[in-house]
Amino acid sequence: MTLVPQVQLTHAGTAEVANAVEGLSLTRLALRRLLKDKLTMVSLVVVAVFLVLAVSAPVLSATGILDPTSIHNDLIDTATGGLPNEKGGLSWSHPLGVEPGTGRDVLSRLILGITYSLTVALGASIVAVVLGTVLGIVSGYLGGRVDMLISRMVDLTLSFPQTLMLLALSGVFIDQLISMGIPSGNIANGVYIVLVLGLFGWPSFARLIRGQVLSQREREYVEAARSLGAKNGRIYFRELLPNLWAPILVYFTLTLPQFISAEAALSFLGVGIKPPTPTLGNILTYSTNYAESDFAFFVFPALFIATLVVSFNLLGDGLRDALDPKAGR
């Protein structure tokens, strides 16, 4: 008499455990793994802070809370070549000091610089991800001559020296953008950088998506859609694309910091958004002139760039581990 209740309880407990396991979707499992990764969560908080600063900086500048353009001649010493008067100009009004030569507030310019640098990197990442996704899906699904043609396009794009091409063609392409109605100056320069970085950044992602599609195109859900007469466009974007969001998200978070670093490098080479409009790249470029005489002014923009890039990279690594069910911790 006592064995039956025990067996029933055992079966009930087993059923509850099974239901609890079955009740966790892949998204919830990935979220659980992500929340357990402390380093990734810290990186997520840092990235969120940078994003909030980037979004709020134009508003703060317009309301006068940030003052990235005002020149404070009284805070620099012309006898020393424009160096700040004392302690790099550090004060409650200027927590990170002022720029040598201009006396502009360093903190205000760095915060506004995050906005412009992230805008350029975000635009380039979107161009690269969209092109890579579309061409990768088409190449992997159709195969044959289409796959061969797109693969050769990938090889050809990767063979170009990106930095050299960007420097050599900047004048011609920027003039073309201006003739198409894009305002001259920093807007045209920014659009040019976005397009060039995006157009040179898609091949590696296209290869990644192609490999994913090759493993997905013979699955039952694709065969079912094909047997029901679904057109290729529907299979691309309604069947395959929803199953590719994990590598797309991971690649996006890993590509964004690369383009932030690329914008800084291009600013150093003289191509990009020009001062007085601040970006992290052109602020760092300007600070190299004072690396010895005002070391703090050189360190602050370098730390901003390093923190932003490392945080995005760690976040991308954490997302990749969390979204990959086979990844070991």
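Visitor: Where is Thr 277 found?

Guide: Thr 277 lies in the loop between α11 (245-268) and α12 (280-287), where helices (H or I, at least four residues) and strands (E, at least two) are DSSP runs numbered from the N terminus. This is a predicted model, in which local features need pLDDT of at least 70 and side-chain atom pairs count only at pLDDT 80 or more, while totals for chains, interfaces and linings use all residues. Residues are numbered from 1 along each chain as its sequence is written, and side-chain values use heavy atoms, with hydrogens and water left out.

Visitor: OK, and which residues does Thr 277 touch?

Guide: Leaving aside residues up to four places away in sequence, Thr 277 touches Arg 109, Tyr 116, Asn 186 and Asn 282, with contact meaning heavy atoms within 4.5 Å.

Visitor: What does the side chain of Thr 277 make a polar contact with?

Guide: The partner is the side chain of Asn 186, at 3.1 Å. A polar contact here is a pair of N or O atoms within 3.5 Å; within protein, one must be able to donate a hydrogen and the other to accept it, and residues adjacent in sequence count only if both atoms are side-chain atoms.

Visitor: You mentioned Arg 109; which residues are linked with Arg 109 in a network of salt bridges?

Guide: Arg 109 is linked with Glu 99 and Arg 104 in such a network, a salt bridge being a side-chain nitrogen of Lys or Arg within 4 Å of a carboxyl oxygen of Asp or Glu. Side chains of opposite charge can pair when their charged atoms come close.

Visitor: How many salt bridges does a search of the whole structure find?

Guide: The search finds eight salt bridges. Among them is the one where the side chains of Arg 152 and Asp 155 meet, at 2.9 Å from N to O; these two residues are three apart in helix α5 (residues 144-159), and therefore separated by about one helical turn.

Visitor: And what about Glu 223, which residue is its salt bridge with?

Guide: Glu 223 pairs with Arg 226, their closest N and O atoms being 3.0 Å apart, and these residues are also about one helical turn from each other, being three residues apart in helix α9 (residues 220-227). Glu 223 is partly exposed at 33% relative accessibility, and Arg 226 is partly exposed at 32%; buried means under 20% relative accessible area, exposed over 50%, and partly exposed in between (1.4 Å probe, protein chains only).

Visitor: Changing topic, which residues form a nonpolar patch on the surface?

Guide: Leu 122, Ile 126, Val 130, Val 134 and Phe 237 form that patch, with about 400 Å² of accessible area together. Areas come from the Shrake-Rupley method with a 1.4 Å probe, and for residues only the protein chains shown count as cover. Patches are made of residues with over 30% relative accessible area and no salt bridge, like charges being joined within 9 Å and nonpolar side chains (Val, Leu, Ile, Met, Phe, Trp, Tyr) within 5 Å.

Visitor: Which helix gives the most to the nonpolar patch?

Guide: Helix α4 (residues 106-142) does, with four residues. Ile 126 has its place in that helix, and Ile 126 is partly exposed, with a relative accessible area of 43%.

Visitor: What does Leu 131 touch?

Guide: Leu 131, also placed in helix α4, touches Gly 136, Leu 199 and Trp 202, not counting residues up to four places away in sequence. Leu 131 and Gly 201 are 70 residues apart in sequence, and 9.1 Å apart in space, C-alpha to C-alpha.
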